[in-house]
Amino acid sequence: MSARQWLVRLGVGMLFSCAALLTADAAPTIDYTIDPEIPDHVENPGGIFTANCSVNTDGSTPDFLVVRIKNPNEAIVSQVVLPEATSHELAWVVPSDMVDGTYHYEV
């Protein structure tokens with residue numbers, strides 16, 4: 001699999017890293033938007049990170065779309081699995097118990 005990554009700062013010194021994982025047997029592409037845009041940050045706690053993704057499947061049939069957020073220790077703090085989906089809109093409110101650091105948004 002290949003991955004694309006983007007960064008968004010969350011709170012004081014807290015970042016989001018966004019990755020889109022693609023399978024090697026097809027040539028899909030992923031269009032995305034994130035807010036706030038890099039290098040801005042999301043307030044911790046209570047800030048809202050929004051992301052939209054749309055997959056151009058290049059003729060392949062997706063089994064599912066997985067969208068997740070991982071904390072700085074790579075633990076999943078939010079995940080949704082969408083069977084046969086090719087798009088998703090996310091509005092994630094930063095919980096009060098999140099630590100500052102690099103967070104990963106993966107599609």
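Me: Hi! Is H88 buried or exposed here, and why?

Reply: Hi! This is a predicted model, and in it H88 counts as buried because its relative accessibility is 15%, with the cut-off for buried set at under 20%.

Me: Thanks. Which strand does H88 lie in?

Reply: H88 lies in strand β8, which covers residues 87-93.

Me: And what is H88 in contact with, leaving aside its neighbours within four places in sequence?

Reply: With those neighbours set aside, H88 is in contact with A51, N52, C53, L65, V67, V80 and L82.

Me: Back to β8 for a moment. Which side chains point to which face along that strand?

Reply: They alternate. H88, L90 and W92 point to one face and are buried.

Me: Good. So which strands form the open sheet, and in what order?

Reply: Three strands form it, in the order β3-β5-β8, and the pairing is antiparallel. The edge strands are β3, residues 29-35, and β8, each of which pairs on one side only.

Me: By how much are neighbouring strands turned against each other?

Reply: By 15° on average in this sheet, with direction ignored.

Me: How many bridges join β5 to β8?

Reply: Seven bridges join β8 to β5, which spans residues 48-56, and the two run antiparallel. In this pairing, A51 stands opposite L90 of β8.

Me: What about β3 and β5, how many bridges there?

Reply: Seven bridges join β3 to β5, again with the strands running antiparallel. Here I34 stands opposite A51 in β5. A51 also turns up on the list of contacts of H88.

Me: Nice. Changing topic to the whole chain: how many helices and strands does it have?

Reply: It has zero helices and nine strands. Read along the sequence, the pattern is β-β-β-β-β-β-β-β-β.

Me: And how much of the chain is buried?

Reply: Buried residues make up 37% of the 107 residues.

Me: Last one! Among contacts with a separation of 6 or more, what share comes from residues 24 or more positions apart?

Reply: Residues 24 or more positions apart account for 58% of those contacts in the chain.

Notes: Residues are numbered from 1 along each chain as its sequence is written. This is a predicted model: local features need pLDDT of at least 70, side-chain atom pairs count only at pLDDT 80 or more; totals for chains, interfaces and linings use all residues. Side-chain values use heavy atoms; hydrogens and water are left out. Buried means under 20% relative accessible area, exposed over 50%, partly exposed in between (1.4 Å probe, protein chains only). Helices (H or I, at least four residues) and strands (E, at least two) are DSSP runs, numbered from the N terminus. Two strands pair if DSSP finds at least two bridges between them. Contact means heavy atoms within 4.5 Å. Axes are lines fitted to C-alpha atoms, for helices over the stretch in contact, and angles run from 0 to 180 degrees between N-to-C directions.
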